[in-house]
Amino acid sequence: MEDEALLKKFQEKIDSGIKIEPKDWMPEAYRKQLIRMISQHAHSEIVGMLPEGNWVTRAPSLKRKAVLLAKIQDEAGHGLYLYSAAETLGIDRTEMLQQLLSGKAKYSSIFNYPSLTWADMGAIGWLVDGAAIMNQTMLAKGSYGPYSRAMVRICKEESFHNRQGYEIMHTLANGTPEQRAMAQDALNRWWWSAIMMLGPSDSQSPNSEQLMKWKIKLESNDQIRQRFIDRTVPQAEFLGLQIPDKDLKFNEKTGHYEHGEINWKEFFDVIAGNGPCNKKRMIDRINADKNGAWVRAAANAYAAKKAMATA
Ligand code: FAQ
């Protein structure tokens, strides 16, 4: 009975737009869903550094290199905000990282595709950050205080990432025929995976209903996907590039673009670990963890020594 009364009060709070804070009562399932989502999101940020890291040493100019480095460092920062937000729910970041490194935890499907040319740095910023922003501006209005506040800050930085990607695409699309071909090739390879990273279609999304009731998510995967497509197609047109979807058409009545069939088999294969780069991404993260062990040990030793000195 007590639980039912608490649940009712909890739902009323959410329905009236009051944020849930770490020390507030919350159903165990709400806490677990948030840990699942926030930790997957944090892992995505740090695994997401890898495809771009591939081009740091081969950026076409010092300026491009500096901007790319800044973007990659931002992603590490996003990981930190998100691990911290998850920790407010009673899980330790060491445990979350262990779940990632053991292959138990998920991270975004999109980062299991290779970054083959410099134009991919443009396509990732334009399409991947573009899709991420579309989702995250919605998550920034979500019911859990620490996650929604982290999202506000992350979205500001993602906007810069999105612009830098579009600017790279714009430069290439207005460059030599070879550069233009590189831009088109990158769009061809990243379009469908960017569409898919927004999650399975609503009919195949087991978590959405409960997440929307709790206002962790305010819109469904398909709603966000539609908004992303509606916003991105005119941007491709402005670049003079072709979206690789022969069935894409604008519906005058609805005011939305209709798209071709999405290859959900590919999506589920990728999240099951069988994408082109899943194994490489895990090996790279495991090595990064091993190579960073001495830094963590030194930082902990320094903190312990400082604590003893002030005790
Ligand atoms: N990849 O029931 P739903 C970024 C899983 S950040 C892998 O619909 P939900 C920034 C899902 O976990 C990108 N798995 O799930 C950046 C569930 O499995 P589970 C990351 C996926 O939670 C840019 C199952 O499928 N953003 O890009 C994916 O309601 C450039 C059923 O799905 C976030 O994580 C996927 N794409 O909706 C960084 C945002 N989609 O856990 C570097 C926060 C679904 O039950 C460079 N997360 N699954 O075993 C979300 O908004 C949601 O979790 C969704 C999925 C929308 C991703």
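Let's start with a term: a residue is called buried under 20% relative accessible area, exposed over 50%, and partly exposed in between, using a 1.4 Å probe and protein chains only. Lys 13 is partly exposed, with a relative accessible area of 25%. You'll find Lys 13 in helix H1, where helices are DSSP runs of H or I with at least four residues, numbered from the N terminus. Between the C-alpha atoms of Lys 13 and Leu 100 there are 33 Å in space and 87 residues in sequence.

Before going further, a word on what you're looking at. This is a predicted model, in which local features need pLDDT of at least 70 and side-chain atom pairs count only at pLDDT 80 or more, while totals for chains, interfaces and linings use all residues. Residues are numbered from 1 along each chain as its sequence is written, and side-chain values use heavy atoms, with hydrogens and water left out.

Now to the ligand. The space it takes is the largest pocket; a pocket here is an open set of points on a 1 Å grid over the protein atoms alone, with protein on both sides within 12 Å along at least five of seven lines. The ligand is surrounded by 36 residues, counting a residue if one of its heavy atoms lies within 4 Å. Arg 36, Gln 40, Lys 106, Ser 205 and Lys 217 are the closest. By type, the shell splits into 14 nonpolar, 13 polar and nine charged residues, with Ala, Val, Leu, Ile, Met, Phe, Trp, Tyr, Cys and Pro taken as nonpolar, Asp, Glu, Lys and Arg as charged, and the others, Gly among them, as polar. Several helices supply at least two shell residues each, including H2 (28-47), H4 (62-87), H6 (119-139) and H7 (145-173).

What about polar contacts, meaning pairs of N or O atoms within 3.5 Å? An N or O atom in the side chain of Lys 217 sits 2.5 Å from a ligand oxygen. Asn 135 puts a polar side-chain atom 2.8 Å from an oxygen atom of the ligand, and a polar backbone atom of Met 197 is 3.0 Å from a ligand nitrogen. On its own the ligand has 1,100 Å² of accessible area, and the protein covers 91% of that, by the Shrake-Rupley method with a 1.4 Å probe.

The loops deserve a look too. Lys 215 is in the one between H9 and helix H10 (221-239), and its phi is near 55 degrees, a positive value in a residue other than glycine. Most residues other than glycine have a negative phi. Lys 215 counts as partly exposed because its relative accessibility is 29%.

Ile 91, in the loop between H4 and helix H5 (93-101), counts as buried because its relative accessibility is 10%. Gly 17, in the loop between H1 and H2, is exposed at 58%.

Key. Polar contact = N/O pair within 3.5 Å; in protein donor to acceptor, adjacent residues only side chain to side chain. 1 Å grid on protein atoms, 1.4 Å probe; cavity = no way out; pocket = protein on both sides within 12 Å on 5 of 7 lines; lining within 4 Å. Sits in = over half its atoms within 2 Å of the grid points.
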